[in-house]
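Biologist: Please take a close look at the aromatic side chains of this model and at the strands and loops around them. How are the rings arranged, and where do they sit?

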Amino acid sequence: MKCFLILFSKIIFYEDKNFQGRCYECSSDCPDLHSYFSRCNSIRVEGGCWVLYERPNYMGYQYVLNRGEYPDYQRWMGFNDSIKSCRVIRNIYGNVYKIRIYERPEFAGQMVEHMEDCPSVLDTFKFREINSCVVVDGAWVFFEQPTYKGRQYFLDRGEYRRCTDWGATSPAVGSFRRITEF
């Protein structure tokens with residue numbers, strides 16, 4: 001007998017801080033949110049994990065949010081109040097997480113396989129940069145700085161031959177973690 005887990009994804013965007021002003025509820029990917037609100041200053045994630053983008057069509061700064069309340073954009077490490085597209089992160093409901101990181105582009109140089117969160121790439125692996133990677137299992141987020149700070153980059157299963165494949169302009173990755181709903 002097979003069991004199926006029914007997943008519930010819901011995010012609510014508010015124009016003003018502290019869940020005030022005009023709001024918009026969303027339960028699926030949306031490539032262009034600009035017609036629903038002009039700015040986003042607070043968010044409630046009622047189900048699922050989401051990646052938000054500063055610009056339409058999943059472009060610009062990225063923010064990964066788990067279930068919870070974010071009363072102002074600084075709480076999700078936002079640089080401003082601009083959220084123009086969003087995606088539900090679907091690959092987070094297993095127990096297995098595995099990523100291969102490479103020191104050089106095109107999967108060259110030193111390679112390390114990792115299955116846990118990493119608060120400091122330099123301290124853990126002695127890498128100054130991550131130039132390519134393969135996400136074998138799970139979904140991950142790269143952070144520009146150690147201890148999960150700075151710009152964020154969402155990575156789903158697949159191959160990333162160079163840092164531009166995950167949306168970065170430089171291979172500076174200071175930390176990374178698994179994306180889980182709980």
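Modeller: UniProt positions are quoted in the numbering used here, with feature names shortened, and such annotations may be inferred rather than shown by experiment. With that reading, an unreviewed UniProt entry lists "domain: Beta/gamma crystallin 'Greek key'" for residues 9-47, 48-90 and 138-180. The model is predicted, so local features are given only at pLDDT of at least 70 and side-chain atom pairs only at pLDDT 80 or more, while totals for chains, interfaces and linings use all residues. Residues are numbered from 1 along each chain as its sequence is written, and side-chain values use heavy atoms, with hydrogens and water left out.

An open, antiparallel sheet of 4 strands runs in the order β2-β1-β3-β6, where pairing requires at least two DSSP bridges between two strands. Its edge strands are β2 and β6 (68-70), each of which pairs on one side only. On average, and ignoring direction, neighbouring strands of the sheet are turned by 15° against each other. Inside the sheet, β1 (residues 10-16) and β3 are joined in the antiparallel sense by 5 bridges, and Ile11 stands opposite Val45 in β3.

The structure contains 14 aromatic pairs (Phe, Tyr or six-membered Trp rings with centres within 6.5 Å; stacked under 30 degrees between planes, edge-to-face over 60, otherwise tilted). One of them is the stacked pair of Tyr24 and Tyr36, with 3.9 Å between centres and 10° between planes. This pair links distant parts of the chain, since Tyr24 belongs to strand β2 (residues 20-26) whereas Tyr36 is in the loop between β2 and β3 (42-47), 12 residues apart. Tyr36 is partly exposed, because its relative accessible area is 33% (buried is under 20%, exposed over 50%, partly exposed in between, for a 1.4 Å probe and protein chains only).

Phe125 and Phe176 are also stacked, at 6.2 Å centre to centre and 0° between the planes. Phe125 lies in helix α1 (residues 121-125) and Phe176 in strand β14 (residues 175-178), so their contact ties together parts 51 residues apart in sequence. Phe125 is buried because its relative accessible area is 9%, and Phe176 is buried with a value of 0%. Both rings belong to a cluster linked by ring pairs, which also includes Tyr97, Phe127, Trp140, Phe142, Tyr160 and Trp166.

Charged groups also meet these rings. Arg178 lies over the face of Tyr97, a member of that cluster, at 5.8 Å from the ring centre (CZ of Arg or NZ of Lys within 6 Å of the centre and within 35 degrees of the ring normal). Arg87 lies over the face of Tyr58, 3.8 Å from the ring centre.

Two loop residues complete the picture. Most residues other than glycine have a negative phi. Tyr148, in contrast, has a positive phi near 60°; it is placed in the loop between β11 (140-145) and β12 (149-155), and it counts as buried because its relative accessibility is 17%. Asn57 likewise has a positive phi near 60°, and it is found in the loop between β4 (49-55) and β5 (59-65).

Note on methods. Axes fitted to C-alpha atoms, helices over the stretch in contact; angles between N-to-C directions.
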